[in-house]
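Student: I am new to this one. Could you show it to me and take me through it?

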Amino acid sequence: MPLDLLIIGAGFSGLYMLHKARTMGLSALVLEAAPSVGGTWYANRYPGARVDIQSLEYSFSFSEALQQEWQWTERYAAQPELLRYANHVADRFDLRRDIRLNTRMTSARFDDLAQRWQVGSTGADGEPLAWHARFVVLASGPLSTPNTPSFPGLETFAGPVLHTAAWPHAPVDFSGCHVGVVGTGSSAVQVIPHIAQQASSVTVFQRTAAYVVPAHNGPLDSAQEARVKADYPGFRARNRQMRTGFGCELLPNPASALVASPEARAAEFEARWQVGGFGLLGAYADLMIDLQANAMAAEFVRGKIRDTVHDPATAALLSPHQPIGCKRLCVADGYYETFNRSNVHLVDVSGEPVEAITPKGLRAGGREHAFDTLVLATGFDAVTGTLMRLDLRGRGGLRIQDKWCDGPLNYLGLMVAGFPNLFNIAGAGSTSAFTSVIVSIEHHVDWIVECIAWMDAQGHATIEATDEAEHAWVAHVNAVAAHTVFLSCNSWYLGANIPGKPRMFMPLAGGFPAYAERCAAVADQGYAGFALG
Ligand code: N01
């Protein structure tokens with residue numbers, strides 16, 4: 001008997017997909033390459049790793065019992081607590097019996113005749129295993145394939161090379177070490193302050209300066225927790241009305257930055273800076289759609305950098321020039337302050353890129369910088385990287401690498417023409433990258449199971465995006481992006497962080513409520529834009 005659903009990945013997406021499938025009476029199995037559930041929160045265990053959205057909002061809403069019983073200790077949970085939460089969910093809903101850990105999916109082919117997927121995997125001992133399923137759900141995460149730049153000489157480095165996205169499980173002791181860190185994105189700004197407290201020296205190699213807003217993390221305020229828990233469903237519903245799926249306690253200001261007085265602007269930015277987190281980008285309605293308005297918020301943050309960093313030359317180097325929020329805003333405490341330490345040095349590699357890693361360090365601009373431990377905080381081959389490494393074939397043997405040679409075509413972010421009965425969670429073409437991803441995950445999973453229930457009720461065996469719907473959707477994603485500041489910098493949203501990757505703006509910047517409405521309308525219209533077999 002084929003399974004109803006084969007789910008790839010046991011992060012938050014895979015866990016909820018399995019739970020929801022079961023509640024609908026569907027047979028489902030999860031394949032997970034890692035030895036644990038938790039996905040991103042299993043792999044990204046560098047010191048300082050924590051979520052950049054408040055835990056009360058970055059958590060499951062599907063079970064009132066779960067959201068009442070779980071107690072977050074901090075405003076922004078750290079990686080160990082998030083991993084405990086994922087494990088708790090797995091236990092609480094008895095999910096483990098249908099999760100195969102240490103099992104990596106290697107291939108998936110759609111069998112046109114049998115109208116089902118044939119999936120190959122390898123277990124921990126390398127033993128090949130085959131699966132048959134009516135539907136495959138890719139719950140493998142948009143940020144799950146680390147990006148290791150192909151620096152010449154990387155393999156010659158004499159000391160340890162650590163990647164933030166594949167951090168060792170044993171604690172790393174940096175005492176007495178001289179550490180080189182490449183990268184200044186979300187992972188780097190969290191890990192650098194921690195390493196700096198332990199290591200003898202830290203040299204940070206910066207290609208693009210990042211905007212870092214404070215989290216003001218601390219113990220979760222019990223009054224806030226009580227208030228939210230008194231009406232958690234209402235809180236979740238209000239968040240689902242937000243473009244980002246979170247932040248309902250600090251509403252976006254509908255006014256334009258361009259008409260506000262300088263004093264009013266400064267006060268608005270300052271108030272949001274004091275709250276911390278992404279709310280700064282909601283200070284004015286035009287910050288993400290108008291470069292002039294955006295520049296006002298950018299200058300406010302540069303002012304904060306100048307106020308914080310004692311050395312003016314270092315402050316200038318740490319000051320970003322791209323529009324704020326164009327690359328994902330970083331949320332962390334103590335990043336800029338770290339550059340006031342005498343053991344922390346900043347090296348600009350924007351004009352003179354890293355030439356080579358040498359046995360004793362790194363060469364850039366003709367100069368060798370010595371260190372004994374290398375930390376790569378160089379991010380991910382985001383959104384498509386994991387799928388493009390799979391042997392994934394749709395109808396007629398169509399390879400995903402051929403289908404996506406110019407970028408990830410998709411419809412609603414959920415399905416790809418030529419790949420029937422293959423659903424993608426939090427993928428290209430959805431708003432997930434701009435939301436609290438758990439809100440997006442719950443939305444995608446609910447849509448998928450409703451779709452399958454409808455297909456079963458109507459007697460359909462297959463569902464597949466049409467080419468027309470797919471092209472129209474990708475055109476819509478591009479058109480929305482064209483009205484924003486997102487195309488004016490090199491970000492992973494665009495695939496620009498990976499040499500040779502096709503440039504296509506992958507996430508939908510239109511806001512979660514409009515996206516959810518569109519998905520619901522498609523379903524209400526009998527799955528318009530899909531071919532049903
Ligand atoms: O990766 P990134 P990340 N030479 O791509 C640099 C989520 N996340 O792991 O900007 C020199 O943002 C690169 O430089 P540039 C979150 O969605 C969330 O930090 O490309 N430098 C950049 O500075 C986030 O957006 C959390 O010029 C090179 C850095 O490496 C996403 O994951 C925490 C280089 C990579 O930054 C990715 O974040 C962590 C090269 N050849 C991550 N190649 C939270 O929830 C790359 N770089 C808080």
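Tutor: Start with a term: buried means under 20% relative accessible area, exposed over 50%, and partly exposed in between, with a 1.4 Å probe and protein chains only. This is a predicted model, where local features need pLDDT of at least 70, side-chain atom pairs count only at pLDDT 80 or more, and totals for chains, interfaces and linings use all residues. Residues are numbered from 1 along each chain as its sequence is written, and side-chain values use heavy atoms, leaving out hydrogens and water.

Student: Is cysteine 326 buried or exposed?

Tutor: Look at the relative accessible area of cysteine 326, which is 0%. That value is under the 20% cut-off. So cysteine 326 is buried.

Student: Which cysteine forms a disulfide with cysteine 326?

Tutor: A disulfide is a pair of cysteine sulfur atoms within 2.5 Å. Here the sulfur atoms are 2.2 Å apart. The partner of cysteine 326 is cysteine 489.

Student: Is cysteine 405 buried or partly exposed?

Tutor: Cysteine 405 has a relative accessible area of 46%.

Student: What is the relative accessible area of cysteine 177?

Tutor: Cysteine 177 is buried. Buried puts the value under 20%. For cysteine 177 the value is 15%.
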